[in-house]
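Colleague: Could you take me through the pockets in this model, one part at a time? I'd like a close look at the largest one and what lines it.

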Amino acid sequence: MEYAKSLERLRKIMDELREQCPWDRKQTIHTLRQQTLEEVYELTESVTNEDWKGIKEELGDLLLHIVFYSKIGAEKGQFTLDEVIEGVCNKLVNRHPHIYGNVKVENEKDVKQNWEKIKQKEGKKSILGGVPPAMPALMKALRLQEKTKQVGFEWENTAQVRDKVDEEIQELYEAVEKNSQKDIEEEMGDVLFALINYARFVKVDPEHALELTNKKFIRRFQLLEDMAGEQGKSLHDMDLWEMDALWNKVKEQEPKN
């Protein structure tokens, strides 16, 4: 196969499907939205698992969606796939003056700061303007912190962030003691925001770390269910202490790192 022609082949297939397939003809940018989100989540699952075969497949599915949106955009007279590609090419060249211009940078920090300055010149009113409102809260918190870091709104060291985490946790406990649900919710948000900041300082992706913990919990709990079944027991009929004992056995059976 001549891979250089693969994009044109995909575009041709999309044209044919849009003309001949009842399902494809019916799709709009709104009906595709949820499907696109699902494809992104499937890609992130493959990335988390370092499943390269899955990554390749999911990237293909996302590329299909890009071509699909572009086809609809062309039908509406809004934009074409070529304009989408040219637009991102122009953006990359414009935002990398240290590669395509005369700007000098020393490190990654300089690159990010230049990127934000260029976006401001392009019309962004706030440095936070590029953070999508619909982004999941955990990811949004991380992006907000990364954005404000570019203008120096940042703690100096990890110890300061750790102290902030401790401070926010104490305020949460105090709110719980006062039994104020509104304050508890607010302080819980502050704790999570501070923990995400701490994760960033110790170079951990909090979304990835939490997903690994989710996977570990699922794996352990399902093993607990299996172990209970082997003993002829149902979790519904067991008390917490019995389940905790099985949980500890599950943990003991896991290979040590």
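Modeller: Let's start with the lining of the largest pocket: its residues divide into ten nonpolar, three polar and six charged (Ala, Val, Leu, Ile, Met, Phe, Trp, Tyr, Cys and Pro count as nonpolar, Asp, Glu, Lys and Arg as charged, and the others, Gly among them, as polar). Bear in mind that this is a predicted model, where local features need pLDDT of at least 70, side-chain atom pairs count only at pLDDT 80 or more, and totals for chains, interfaces and linings use all residues. Residues are numbered from 1 along each chain as its sequence is written, and side-chain values use heavy atoms, with hydrogens and water left out.

A pocket here is an open set of points on a 1 Å grid over the protein atoms alone, where a 1.4 Å probe fits, with protein on both sides within 12 Å along at least five of seven lines; lining residues have an atom within 4 Å of a point. The largest pocket holds about 550 Å³ of space (a volume is the space filled by probe spheres set on the points, which are joined across faces, edges and corners). Of its 19 lining residues, Val 40, Tyr 41, Thr 44, Met 139 and Glu 207 are the closest to its centre.

Now for the helices (DSSP runs of H or I, at least four residues, numbered from the N terminus). H3 (29-48), H8 (137-149) and H11 (206-230) each supply at least two lining residues. H3 gives the largest share, eight residues.

For reference, the second largest pocket has about 370 Å³ of space, and its lining has four nonpolar, one polar and nine charged residues.
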